[in-house]
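Thanks for coming, everyone. I'll walk you through one protein, a few residues at a time. Please look at the screen.

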Amino acid sequence: MDLAQTAKLIQEGQTALGIEFGSTQIKAVLITTDFQPIASGSYLWENSLQDGIWTYSQAEIFTGLKKSYAQLAANVSSKYHVKIETIGSIGISAMMHGYLPFDQHDQLLVPFRTWRNTITGDAAAKLTKLFNFNIPLRWSIAHLYHAILQKEAHVADINYLTTLAGYVHWQLSGEKNIGVGDASGMFPVDATGHFDQKCLRLFNDLAAVQKYPWQIEKILPHVLKAGTVAGHLTTAGAHLLDPTGTLQAGSLMAPPEGDAGTGMISTNSVRLRTGNISVGTSEFSMVVLDSPLKKVHQDIDIVTTPAGLPVAMVHINNCSSDINAWSRVFHDFAARLGLDLDEDKLYSTLFLETAKADPDAGGLVNYSYFSGEPITKTQAGRPLLVRTPNSKFTLANFMLAQLYSAYAPLKIGMDILTQEEGVTTDVMIAQGGLFKTPVVGQQILANMLNLPISVMTNASLGGPWGMAVLAQYVASGAQESLEDYLDKQVFVKAELMTLSPEPQGVQGAANYLKRYQAALPLENQAAVLKDAVE
């Protein structure tokens, strides 16, 4: 599509906007009817640990929203010489779960508690037993019950509880809706795509809950499946997004989703027996189930696709943060030598060095834990590199250890699905920044998981593009299933590159994992010692 055609579609509002609030970046992507990105904008942000709680400030949520959109609008203006006055449809997605409670005056009662917090162990365990359904630490209901058990004063004043995506959607549309995929990380969802009625009753019947003036079903959002109109951009919402007043109200709003749901969309992994892996600050694998699991597993979440199909999810709190931190050290060192390396060049240079590594990373062990890691029962984050006097401490082995450590917890969780539950997939597609350098991250992941891993040519588009596709699905009228829409409309010309596990790499990764698991007490002890100093 040429520039003139694209400009015409922009002027006619034949566009879809996806905005995703990721852990380190808020990103906006605009697409047209051919699903190709025509403009983007972003805003960098980071969580902070305040009074023992991982959070982002409420003000920065909207600062990031405005700045990412402003950058996108400027991109459109400079490239196509038109302004964005109308947008056909808009969708908001964000890091899943967490806790955003509001009072009857729509005031946030406590700072946003993100998915990264691991303070809810006791509450999650009790709810898992009560529901006979795994409730992970980061789920909204675990955070709510934790606040109840801690007798936090704000609980009595809760009038509405939502996720980050649900909150931003509410501010733009005035509607308290949520997509079923994001909803399934707040509270258990049943086969109909609604909050499970039995679990709602069980929660309300808890003695600790009954003293409050609300019932759980009254404070949760209304759940919608993909393709459903979830409201319209209001005048106030348009001004919130674009304070210049250029953008007009009226855009269709898609049900807000979590980043897991948009990851499934952007990898076309919403059919039965398909799976995907998303890597970033956190990482997760998702497999769409064709039959229920045999039993409840503490480390396996049951969530849904944006269309409501059941999904087994392995969620890992930590992935690329340690790699990013080390890359900044290498960047600073290069700068001292007078070398100004751009980010892509730096990462590709470091990743390609792993070709010289020993298969087991030379005896090095790394823990990339910036926060607690539930799957290894680690309570606090302490990035840690361990080596013996006999370890081969080279740059190549160091970088391989970094990549192995990013994937090791995921391997532990995936073994539950593949070995204990016998879950298999027809395809496992990966996406995320670690795959920008071709082959390296993909091959190491295939070796660690001992599974063929595919990467699409659009691997770097990610969640905001997936959310834009969901918004376009709403605008299309959703006349066909989400699965068919993706296959027949969106991914018709998609290209895949698949890498199979290498026997030597598989054995090296297995040897690394043995050391990784054996040395976990060191990681936990590091947390204890540091806390004692603090």
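Let's start with a single residue. A494 has a relative accessibility of 38%, so A494 counts as partly exposed. Partly exposed, here, is the range between under 20%, which is buried, and over 50%, which is exposed. Keep those cut-offs in mind.

Where does A494 sit? Its place is the loop that runs between helix 17 (482-490) and strand 21 (496-499). Now find M456. A494 and M456 are 38 residues apart along the chain, and their C-alpha atoms are separated by 7.0 Å.

One caution before I go on. This is a predicted model.

Next, strand 20, which covers residues 453-456. S454 lies in that strand. Is S454 buried or exposed? S454 is buried, because its relative accessible area is 5%. What does S454 touch, once neighbours within four places in sequence are set aside? Its contacts include V427, M428, I429 and A430. L496, M497 and T498 are also among them, and so is Q442.

Let's follow one of those contacts. V427 belongs to strand 19, residues 427-432. V427 has 21% relative accessibility, so V427 counts as partly exposed. With neighbours within four places left aside, V427 is in contact with S454 and with R273, T274 and G275. Now compare sequence and space. V427 and N447 are 20 residues apart in sequence. From C-alpha to C-alpha, V427 and N447 are 16 Å apart.

Now to the other end of the numbering. T15 is in strand 1, which spans residues 15-21. T15 counts as buried, because its relative accessibility is 3%. Beyond its neighbours within four places, T15 is in contact with several residues, including L9, L30, T32, I38 and T86. Q472 is on that list too.

Take T86 from that list. T86 sits in the loop between helix 2 (58-80) and strand 6 (89-94). At 31% relative accessibility, T86 counts as partly exposed. Which residues does T86 touch, apart from neighbours within four places? They are I10, Q11, E12, G13, T15, L247 and Q248.

Let's zoom out. The protein has 19 helices and 21 strands. For 534 residues, a compact globule would have a radius of gyration near 24 Å; the protein has 23 Å, so the two agree. The C-alpha atoms fill a box of roughly 65 × 65 × 45 Å along the principal axes. How much of the protein is buried? Buried residues make up 58% of the 534.

Think about contacts again. Take pairs in contact that are at least 6 residues apart in sequence. Of those contacts, 72% join residues at least 24 apart.

Now the surface. The accessible area is about 21500 Å², and carbon and sulfur atoms account for 52% of that. As for charge, there are 37 positive and 49 negative side chains. The centres of those two sets lie 3 Å apart.

On to the interior. In soluble globular proteins, nonpolar side chains tend to be buried together. Here, the largest nonpolar core has 69 residues. L144, F187, F203 and W214 touch the most other members. Helix 16, residues 462-475, gives the most to this core: eight residues. Look closely at W214. Not counting residues up to four places away, W214 touches L144, I148, V155, A156, I158, F203, V209 and I219. There is also a second, separate core of 56 residues, which includes I316, A430, I444 and L449.

Helix 4 covers residues 140-149, and nine of its ten residues are buried, so the rest of the structure largely encloses it. L144 and I148 are among those buried residues. What covers them? The cover includes helix 3 (121-131), strand 8 (160-162), helix 7 (197-205), helix 8 (207-210) and helix 9 (216-219). K151 follows helix 4 and has a positive phi, near 55°.

Helix 5, residues 164-173, is mostly covered, with nine of its ten residues buried. Y167, H169 and W170 are among the buried ones. Just after helix 5 comes G174, with a positive phi of about 80°.

That's my tour. Over to you.

How values were computed
Residues are numbered from 1 along each chain as its sequence is written. This is a predicted model: local features need pLDDT of at least 70, side-chain atom pairs count only at pLDDT 80 or more; totals for chains, interfaces and linings use all residues. Side-chain values use heavy atoms; hydrogens and water are left out. Helices (H or I, at least four residues) and strands (E, at least two) are DSSP runs, numbered from the N terminus. The radius of gyration is taken over C-alpha atoms; the globule rule is 2.2 Å times the number of residues to the power 0.38. Buried means under 20% relative accessible area, exposed over 50%, partly exposed in between (1.4 Å probe, protein chains only). Contact means heavy atoms within 4.5 Å. Accessible areas come from the Shrake-Rupley method with a 1.4 Å probe; for residues, only the protein chains shown count as cover. Lys and Arg count as positive and Asp and Glu as negative; His and the chain ends are not counted. The place of a charge is taken as NZ of Lys, CZ of Arg, CG of Asp or CD of Glu. A nonpolar core is a set of buried Ala, Val, Leu, Ile, Met, Phe, Trp, Tyr and Cys residues joined through side-chain atoms within 4.5 Å.
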